[in-house]
Amino acid sequence: MLKLYTYYRSVSTHRVRIALNIKGVPYEPVFVDQDSGQQHSAEYLELNPQGLVPALRVGNQVITQSFSILEYLEERYPERRLLPDDVHLRAQVRSFSQIAVADMHPLNILRVFHYMRDDMALAKDQRRAWYEHWAHKGFAAMEWMLANGEQHFYALGAAPPLAEVCLVLKV
Ligand SMILES: N[C@@H](CCC(=O)N[C@@H](CS)C(=O)NCC(=O)O)C(=O)O
């Protein structure tokens, strides 16, 4: 059975859990307690040297990076698709999804928060203003795409839901 290294507050793991549930793929969760720093333990770093969740164990292989895991699941379990058939629309859906996955979410995780608080000595208000700045840019880009791009995004219409899976964000 697939093993998903996960944490209940991890947004990037939420993506993978939603996709596994949409596809009806059973998996065993393995909890990595990020509040006590378990992601930095030697045991976990052996699994994922980046010290981040999610990680998906498939037999002897470990897949890291939530978007790679989503692509793996889509290819391995093509039933209940996350991506539309049309190649142009697939590209659009990936572009939309990456605004959240690649541009917004990486700025709002523990290691960044700790660095800003402990190494840069930034106050809570400063940290919040910094993230809000980038979050607004990301959401503005998404809104522009939804208003002006292909009218077939699931957010607007009938395509499968990769864009929605990636849209789960914690602000
Ligand atoms: N690009 C990675 C990001 C993974 C990531 O940032 N995971 C966060 C939880 S959502 C994490 O493990 N944070 C631990 C830390 O910052 O120390 C992905 O999409 O999988």
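Predicted model: local features only at pLDDT ≥ 70, side-chain atom pairs only at ≥ 80, totals over all residues.

Stop 1: Color 2-76 as domain 1 and 87-167 as domain 2. Their C-alpha centres sit 20 Å apart.

**Stop 2: the ligand.** Where does the ligand lie relative to the two domains? Both domain 1 and domain 2 give residues to the shell around the ligand, so it lies between them. Now show that shell: 17 residues surround the ligand, and the closest are Ser10, Leu52, Ser66, Leu110 and Arg111. Helix H1 (11-23), helix H3 (66-76) and helix H5 (110-119) each give two or more residues to it. Color the shell by class and you'll get 9 nonpolar, 7 polar and 1 charged.

**Stop 3: where the domains touch.** Here 9 residues of domain 1 are in contact with 6 residues of domain 2. On the domain 1 side, H1 and H3 each supply at least two residues, and H1 gives the most, with 5. That side of domain 1 divides into 5 nonpolar, 3 polar and 1 charged.

**Stop 4: the core.** Next, go to the largest nonpolar core, which has 28 residues; Val16, Ala19, Leu70 and Leu162 touch the most other members. Helix H4 (87-104) gives the most to this core, with 6 residues. Domain 1 and domain 2 each put in at least three residues.

**Last stop: Leu70.** Select Leu70 and skip its neighbours within four places in sequence: the contacts left are Arg15, Val16, Ala19, Leu82, Leu162 and Val165.

Methods
Residues numbered from 1 in each chain as written. Near = placed C-beta within 6 Å. Helix = DSSP H or I, 4+ residues; strand = E, 2+ residues; numbered from the N terminus. Nonpolar A, V, L, I, M, F, W, Y, C, P; charged D, E, K, R; others polar. Domains from an automatic or database assignment. Core = buried A, V, L, I, M, F, W, Y, C linked by C-beta atoms within 7 Å. Buried ≥ 20, exposed ≤ 12 C-beta atoms within 10 Å, placed from the backbone. Contact = placed C-beta atoms within 7 Å.
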